[in-house]
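Please have the sequence and structure open while reading.

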Amino acid sequence: MVGIAAYSVYLPRYRLERSKIAAAWGTSQSSGEVAVANYDEDALTMAIEAATGCFTDSDVSLLDGFYFASTSAPYREKQMASVAATACDLPRRCHTSDFCGSSRASLSALLAGFYALRAGALRSVVVAAGETRVAQPESEMEGLLGDAAAALRLGTEDLVAEFVDATSVSEEFTHFWRTDEQRFVQAFPGKFSNTYGYNKDLGEAIRILLERQKLEPGSVARLALYSPDARAAADLARELGFDPKRQLISPPVAAIGSAGAADALLALAIALEEAKPGDLIIVGAYGEGADALLLRATEAVTAYRPRRTWKQWLEAKLMLSSYEKYLKYRRVVEIDEAGEAINNVLEFKELRQDVRLYGSRCGACGLVQYPMAQVCLQCKARAGLTDHKLSKQGTIFTFTIDNLIANLEHPLPMAVVDLEGGGRVYLQVTDFSESEVTVGATVGLTFRRLHEGGGNHNYFWKARPLR
Amino acid sequence: MKDQVAVIGVGCTKFGDLFETSYEELICEAAFEAFADAGIDPAEIQAAYLGTYMPGPSGGKAAVSLGDALRLYDIPITRVENYCATGTDAFRNGCLAIESGACDVVLVLGAEKLKDRGGRGLPRFGHPLLAKGNSAPGLFALAANRYMHTFGMGREMLAKVAVKNHYNGARNPKAHLRMEVTEEKVLKAPIIASPFGLFDCCPTTDGAAAAILCRADLAKRFRSDYIPVKGYGLAVTTGRPFFDPTFDYLGFRSTQMAARQAYKMAGATPRDISFAEVHDCFTWTEISNTEDLGFCEKGQGGSLVAEGRTSLSGDIPINPSGGLKSFGHPIGASGVRMIYECVKQLQGQGGERQVKNPKLGLAHNVGGPGAVSCVIILGNN
């Protein structure tokens with residue numbers, strides 16, 4: 001039996017009211033908000049956030065696959081899955097791959113994972129999707145696109161849902177696109193595309209699945225769908241004979257926007273959070289065709305507790321003060337960023353320390369110290385220091401909120417953090433409101449874009465108040 | 001070692017935003033003032049130490065900046081760089097050169113031209129990832145916040161240090177910021193790095209200062225009021241205190257250790273010190289320094305300033321010059337500038353700022369923050 005062993009979602013902390021977009025351009029937008037990734041986030045960092053929510057340190061050594069899905073990856077050439085696997089401290093012997101191209105990429109990755117497990121080629125695979133798609137300023141699409149991430153851990157035991165069956169249809173249809181030269185997502189939205197693209201392709205995939213499994217719509221507990229706009233998924237569900245109110249789960253476009261490849265996994269995670277043992281769940285995604293998968297919740301589904309509930313993610317938000325901030329965060333307005341190149345030899349040498357986040361533990365006195373030490377900071381022992389994986393949670397020992405340092409956002413809090421299980425780190429603080437940065441506050445560590453430089457995004461760990 | 005070296009001449013430029021002055025001009029002004037003060041010909045200098053964090057634009061990283069500015073060739077010249085303790089460490093190296101018997105007369109010169117390095121504070125060096133986002137005020141602010149959290153101290157206590165040092169600096173013709181400030185003005189200033197507002201921070205300054213050292217037994221040849229070196233100490237601790245889980249952030253061990261060395265050499269205790277020039281890069285630093293140097297107990301530094309004990313007429317005047325806070329802080333020059341102030345005070349040439357009947361003066365730098373500290377004790381003859 002193959003299936004899902006864990007699920008996790010990630011929503012960036014900021015929301016932008018659509019009314020702010022409308023006010024900026026003198027246009028109209030529907031009500032509600034879109035989720036906005038912070039200035040130091042991108043599809044990769046958010047996918048890592050989601051991924052780390054579906055395994056513990058003890059699971060990591062068993063993972064042998066990591067698939068990353070996105071249409072808005074921060075690199076055109078450079079494998080993101082491998083970067084994510086390193087930041088998550090997965091073993092080097094790991095099958096990694098990026099899935100891209102359309103909002104369907106996450107389910108393509110999910111299917112590839114299930115097939116690899118079924119074939120016995122892999123044992124435990126993480127599938128993580130993240131999106132920070134950017135629309136043309138002043139276009140209608142600006143109010144549609146939101147940022148989010150979700151991840152699943154696939155395996156063969158201790159499953160919360162079992163993979164039953166899947167169908168795919170594939171045919172060229174132009175609905176959303178972005179050429180190799182375009183910065184902003186292009187779309188041909190509306191009734192035509194929904195009818196002859198989304199409804200036709202995803203409808204067909206789901207119908208075939210139902211037929212093959214001899215299922216009536218009424219016997220499926222949840223239909224978890226990507227939706228190209230706020231209404232399309234409900235229209236499709238109705239057309240297929242489902243009751244959208246009772247059965248449909250689609251990420252709330254009104255509250256967070258549409259997050260492309262992340263949406264299908266997000267919908268599935270929300271469905272699993274609400275699922276009862278034995279529930280049948282269909283998850284569907286679309287883009288130049290469609291994929292539909294059938295899953296069955298196991299007995300374990302009710303006992304599974306995600307790190308945070310979907311409701312908590314929705315509620316733990318901070319409002320972005322202006323539309324201009326959004327333009328800056330997504331680098332739509334051009335600002336020269338203070339940065340420096342990271343020497344690739346240094347990066348290579350310090351990968352375990354800087355990306356996998358290991359310090360040293362002294363065998364003689366037990367002190368955990370960071371960065372990695374040659375001689376113990378406390379007892380000066382030369383021998384007996386071993387690599388020590390640092391915890392990603394701690395408390396602020398002291399801090400400052402700095403207005404002087406050059407950074408894309410101001411002010412920049414810096415915190416000295418004592419980590420659970422030992423080790424002290426000194427990090428930038430992100431996703432904060434100033435009242436949360438205090439002595440004694442609990443923070444989590446998050447992998448972020450630290451600065452630009454040398455034509456590269458340079459990633460490192462930051463601290464953020466625990467929500 | 002005590003009383004083996006004497007200061008026979010000192011010089012110091014006006015400190016400030018010296019946009020029209022070059023690094024070389026600053027060096028010449030300070031050096032030739034010191035030569036004149038000592039009544040010495042530059043040709044008598046047998047070795048020189050240049051204390052500078054960032055050498056002049058034409059000197060690369062070496063000591064040639066000093067040699068070229070003064071046309072001082074054919075003798076050993078060494079550049080000393082030890083964060084904010086650069087100036088006092090250069091002085092300490094000058095003492096060592098004389099005590100070793102290698103030289104009789106040495107020039108120690110600290111110079112810095114921060115305003116030629118662009119606007120926003122100091123240029124950052126260091127690891128591209130680790131500790132990225134630190135600034136000089138931000139690093140000291142980590143300690144200040146923890147200290148204030150621990151001892152329940154407010155920003156108004158910090159402000160008292162600024163008020164006192166600006167009062168002194170306003171009376172010092174060579175100081176960078178020659179104006180008095182009120183507590184209210186200090187507290188209302190924009191925040192640079194919490195808890196430090198603008199007036200909690202020293203300025204970035206241009207300036208140079210020089211001292212001529214010679215064998216104490218030869219000092220009488222130059223002047224009767226030479227100033228004997230009583231003791232010195234230098235201590236280094238981790239340059240990454242923010243990664244040290246054992247660090248309490250309540251003060252700096254490097255200062256405590258450097259002071260211990262200096263007191264021991266001088267055969268003195270903190271109580272014997274008449275006045276001190278301490279490293280008030282930020283207001284909190286002065287409060288902590290007075291504790292680390294032993295002028296009061298840990299946690300009492302705030303009361304020391306609040307009770308007026310560190311003002312010019314107090315029992316332990318701190319920073320009669322105006323300190324880094326008001327006199328300015330050209331990194332490598334600061335320590336030598338402190339020596340300049342100590343010498344002038346001990347010679348009774350403190351003018352309006354003269355402290356009463358001084359016997360021992362102490363100069364102290366700490367940098368890193370806390371990574372390195374140097375303490376020098378001078379006496380009157």
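The points below take up the interface and then the cysteines. The model is predicted. Chain B and chain A bury about 3,100 Å² between them, and the count over all chains is zero disulfides.

**Interface of chain B and chain A**

- The contact draws on 36 residues from chain A and 34 residues from chain B.
- Of the buried area of about 3,100 Å², 63% lies on carbon and sulfur atoms.
- Between chain B and chain A, 15 residue pairs are in polar contact, with both residues at pLDDT 80 or more.

**The chain B side of the contact**

- Two or more residues each come from α4 (136-151) and β5 (191-193) of chain B.
- The largest contribution to this side is that of α4(B), with eight residues.
- By residue class, the side of chain B that touches chain A has 17 nonpolar, eleven polar and six charged residues.

- Cys103(B) counts as buried because its relative accessibility is 8%, and buried means under 20%.
- Cys296(B) is likewise in no disulfide, and its nearest cysteine sulfur, in Cys281(B), is 17 Å away.
- With a relative accessibility of 15%, Cys296(B) also counts as buried.

Notes: Residues numbered from 1 in each chain as written. Chains lettered and ligands numbered in written order. Predicted model: local features only at pLDDT ≥ 70, side-chain atom pairs only at ≥ 80, totals over all residues. Heavy atoms only, no water. Contact = heavy atoms within 4.5 Å. Buried area = accessible area lost by both parts, 1.4 Å probe. Polar contact = N/O pair within 3.5 Å; in protein donor to acceptor, adjacent residues only side chain to side chain. Helix = DSSP H or I, 4+ residues; strand = E, 2+ residues; numbered from the N terminus. Nonpolar A, V, L, I, M, F, W, Y, C, P; charged D, E, K, R; others polar. Disulfide = S-S within 2.5 Å. Buried < 20%, exposed > 50% of the residue type's maximum accessible area, 1.4 Å probe, protein only.
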